[in-house]
Amino acid sequence: MSSQGKWICDGEPKNNDQSYVGTGSHAPQENYGPDCSVCGLPREAMQKKTVMSGKAVKIPRFSLPMLVAIALLVLLGGGVSWYLATRDNQTQPVTDNGTLTPTSPSPQNSSAFLSDTASPGNASLISQGEKILLDTTSAKQAGAAAFAQQDWDQAIAQYQQATTSDPNDPESKLYFNNAKARQIGNPLTIAVVVPITPSENEAKEVLRGVASAQAEFNASPTPANRLLEVIIVNDDGMGKTVSLAEDLIKFPSVLGVIGHGVDAGTRQAIAQYEKAGLAVLSPVSTNVTSDATGQSILKTISLTQQDQELLATYLQQVGETLANYAAKQSFPASVVVFYNSDSPYSQALNAQFTAALSQGKGKVVKTVDITANPSFDPAGEIQSATQAGATMAFLALSKNKVDSAIALAQANAAQAENPLGLIGGDELYNPTILIEGGDAIAGMVLAVPWSWQPNNAFAQEAAQIWRGRISWRTTTAYDATDALATALSQNPSRTGVYQQLNQGIPISGTAQDFNLFNQIPLVKAVPGSAGPTGSRYQFDPVQ
């Protein structure tokens, strides 16, 4: 990037005839655009002598809320199960007077890559386009090599070729737009933290939503012609969540973060974001409401104040929805419940369903903990449940037990007479179950936070872009990125982003149907060509 137009923000609050008020001291920051990427002070503020008023300027301090919406907590890496397993009394760093004090990142060369300055062991998990974190091709490798050399023309050409060859790949599309943003210079930089290593499919679904929002934003850039750049961060599940957050905080170009779950590591990471004044908005933790005119608004709420009530409400709704469905199929319902006791999410789902079913809808004739016996026998358990009078099986299993869910479905299908009806929770909404389950999962019904609808304009457009149906992860990631980009365009600084999100950001309404406290959508595995590659089944909404 050319150094023409470079200027240095001294990081000191201003209160002069121009009324430039900063957000607190920070180290000198190199900038290329009209405003400081850390505090938001305009370039011309550096040309004025700092004149303090008769008393010290009071600098506002902000305590960034941990963001949550139960509509999405369970999805990215099993958020609810993480949370229920790790609820604790962790405290957030505060000052003596009880307020959170933002810290200032060290100055960085704005043309550098975050991976160049990352903590030891983290560099391989971070990319702006200079390395490949997902599936690789020759075009992607060539694009990464060119990106690393800051050969933007070649990087754009190679990544464009990669997106043409595989339109379903979000990584290539993100890096393609990153290269264009870098070529123009002074991009608006955000980061998205996804669990590529432990949950690649879910990570891709989130990245597709981010990539769609980035492409739309960059098609109509800000008046200053600043394009959106997205850093991909792979939270590999190896205990690096906090150190990755610290790397993002120390890189001043990062103006906002998307992603994370709500496990213990995430809670510590968000405490660090709060101290630094860096907004974190998760596609698995967004709250969508409506204003007086009906406009969909994305707004942050406090996890610390509402998490227990909201989480309990969500799981209760899932249990009631599935219990009602079971009762409609055969009244009174007779259900066997399969769960795994090593997952608090699975335990809670079992408890909520059992409680709901006991309210005059039927009974649980047998409960099976699939982790209790190392030599768990799916066929034997299905046969035993049938003999006990079960007509339906509730697979209240966590995400890491998809293979067990498939084994149970196959054992059930092999039962020549009276196979059980299969129902389950959102963590079984997974491409693997459609691909490997085959005919055995035909008719399986799942309760999920959002279901694809044929008349949904956003879903239709996204299906054309990504060559297949999208999930709620893609939809909510799009909304989160759209909101963050909107906040950036209005005030491209860390504090400015928080202020906008705290007030609420209008969104396109793609997630306007997320009202899980009234109804949980149901989907059914049916024959069709809209499922993942290798599957003859797809999930359709239950009408």
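## A helix across the sheet

Let's start with helix H8 (residues 241-250), which lies across S3, strand S4 (188-194), strand S5 (228-234) and S6 and runs at about 155° to S5. Angles here go from 0 to 180 degrees between N-to-C directions, and axes are lines fitted to C-alpha atoms, for helices over the stretch in contact. Helices (H or I, at least four residues) and strands (E, at least two) are DSSP runs, numbered from the N terminus.

This is a predicted model, where local features need pLDDT of at least 70 and side-chain atom pairs count only at pLDDT 80 or more, while totals for chains, interfaces and linings use all residues. Residues are numbered from 1 along each chain as its sequence is written, and side-chain values use heavy atoms, leaving out hydrogens and water.

## The sheet itself

The sheet is open, with five strands in the order S3-S5-S4-S6-S7 and mixed pairing. Strand S3 (126-127) and strand S7 (280-281) sit at the edges with a single partner strand each, so one side of each has no neighbour in the sheet. Two strands pair if DSSP finds at least two bridges between them.

How do S6 and S7 pair? Strand S6 (residues 254-259) joins S7 in the parallel sense, over two bridges. Val 257 has Val 280 of S7 as its bridge partner.

## H4 against H5

Helix H4 (residues 138-148) packs with helix H5 (residues 152-165) at about 160°, their axes 8 Å apart. H4 and H5 are therefore roughly antiparallel (angles over 145 degrees; under 35 is roughly parallel, 65 to 115 roughly perpendicular and the rest oblique). Contact, meaning heavy atoms within 4.5 Å, involves residues including Ala 142 and Phe 147 of H4 and Trp 152 and Tyr 159 of H5.

By class, the contact of H4 with H5 has nine nonpolar, four polar and one charged residues. Ala, Val, Leu, Ile, Met, Phe, Trp, Tyr, Cys and Pro count as nonpolar, Asp, Glu, Lys and Arg as charged, and the others, Gly among them, as polar.

## H12 against H13

Helix H12 (residues 378-387) meets helix H13 (residues 402-414) at about 60°, with axes 8 Å apart. That makes H12 oblique to H13. Pro 378, Ala 379 and Ile 382 of H12 touch Ala 407, Leu 408, Ala 411 and Asn 412 of H13. This contact has six nonpolar, one polar and no charged residues.

## How confident is the model?

The chain's mean pLDDT (the predictor's confidence in each residue, from 0 to 100) is 74, and 66% of its residues reach 70 or more. Over residues 48-109, pLDDT stays under 50. Residues 296-310 also stay under 50.
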